[in-house]
Amino acid sequence: MRPEDFDLISGILKTRSGLILSPEKVYLLESRLTPIARAKGLETLDDLINEIRLHRKEALLSEITEAMTTNESFFFRDNTPFDLFKDKVLPELIKRNAQTKKIKIWCAAASTGQEPYSIAMIVKEMGAKLEGWDIEIFGTDLSNKVLEKAKVGLYSQFEVQRGMPIKYLMKHFAQVGEMWQISEELKGMVKFKPMNLLDNYMGFHNYDVVFCRNVLIYFEPDMKTKVLEKVRKAMKPDGTLFLGAAETVLGITDKFKPVTGSRGMYHTTDVSDALSSSLRTG
Amino acid sequence: MKSCLVVDDSKVIRKVARRILEELSFDIKEAVDGQDALDNCIADMPDVVLLDWNMPIMNGLDFLKALRRTDGGDNPVVVFCTTENDMAHISAAISAGADEYIMKPFDREIIESKFSQVGLL
């Protein structure tokens, strides 16, 4: 690939999604964009790039961005954040929000739905403790295509086996041919909507918990700062944030603070001192 | 080092499972059918059993039921690993005392994630 072609595509990706594509990832462009070229009746990636240069069609640009930003997702990916959510965050929220009986959870990179549905399964497991509560689980993603898959909730045998205990499969899925479909009950617990983390966060307020995992790694430092500060504004003053295993707030923003001993978990700074001192005395 | 008994009538599957599990630091023994597996367990109870369903002489489910009746047979974690992939088989296995269930084909990632779910990793 010619350097000017790489610059063209990486420039489009950066403006549209914040994705930083380093030159050694050129293979990723080739493997993900060649199928798009073929589907359009073009022979090579070069032809596709010419087409972009000539017409800059919105639909094509957004298709390219989706193809490059879509990532694999598993149910209960990395286990730890879900264990922390179940054992620490949720019990604390049940106490703290006892008056309103409302909990708001946002999955900011929901991809094909595994993360919000994993959260829904955990909420379901709480049973009577959350009887009569209003639990909002909101999944957003840049890519509309992945969200369409999330809404249908149909997963392959491989997908339902990576990370998910068999008991959850038995409880919450039905077999449909070779695939497994998540129950209507769980689907009803999660709402999905396309959203770009670089845009404005209109309508996003008062979230108790935000999962924003494995998306910041693609952003440049100043973009990470901007996104995290906007996320912070969409949260309650005593909110909890989960980031991916390879991500951190350190050196990025002081709006969040790591929770000692809880990998990947962060509190909004307004309360983290009060909370950690109550943990020490409690 | 935890011991794992790999029970499958296919030599190829035993070899693949052995390679994955040895990399995850398990000490591997092999059995070719349910009866062979039961004899193995009575002689020396493993920590984990990775168990095929359809095998000659004694199938996986009959082995599991016999194992759970054996002295000390409650202890091993039993993970089914079979081409039987319908809900009826899964339910029958879990009711008989299986701890986890893998539907073939499997890969390293699935074995690793299932083993970690039941606290083996």
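**A tour of the core and cavities**

Select Phe173(A): leaving aside neighbours within four places in sequence, Phe173(A) is in contact (heavy atoms within 4.5 Å) with Phe75(A), Met121(A), Tyr155(A), Val160(A), Met164(A), Tyr168(A), Trp180(A), Gln181(A), Ile182(A) and Met87(B). This is a predicted model, in which local features need pLDDT of at least 70 and side-chain atom pairs count only at pLDDT 80 or more, while totals for chains, interfaces and linings use all residues. Residues are numbered from 1 along each chain as its sequence is written, chains are lettered from A in the order in which they are written, and side-chain values use heavy atoms, without hydrogens and water.

Of the 69 residues in the largest nonpolar core, Phe85(A) and Phe173(A) touch the most other members. Such a core is a set of buried (under 20% relative accessible area, 1.4 Å probe, protein chains only) Ala, Val, Leu, Ile, Met, Phe, Trp, Tyr and Cys residues joined through side-chain atoms within 4.5 Å. Apart from this core lies another, of 25 residues, including Trp106(A) and Leu243(A).

Move to Gln157(A), which is buried, with a relative accessible area of 10%. Gln157(A) touches residues of both chains, among them Trp180(A) and Met103(B). The backbone oxygen of Met103(B) lies 3.4 Å from a polar atom of the Gln157(A) side chain.

Finally, select Asp78(A), Arg213(A), Leu243(A) and Arg263(A), which are among the residues lining the largest cavity. A cavity is a set of points on a 1 Å grid over the protein atoms alone where a 1.4 Å probe fits but cannot get out, and lining residues have an atom within 4 Å of a point.

Notes: Buried means under 20% relative accessible area, exposed over 50%, partly exposed in between (1.4 Å probe, protein chains only). A polar contact is a pair of N or O atoms within 3.5 Å; within protein, one must be able to donate a hydrogen and the other to accept it, and residues adjacent in sequence count only if both atoms are side-chain atoms. On a 1 Å grid over the protein atoms alone, a cavity is a set of points where a 1.4 Å probe fits but cannot get out, and a pocket is an open set with protein on both sides within 12 Å along at least five of seven lines; lining residues have an atom within 4 Å of a point.
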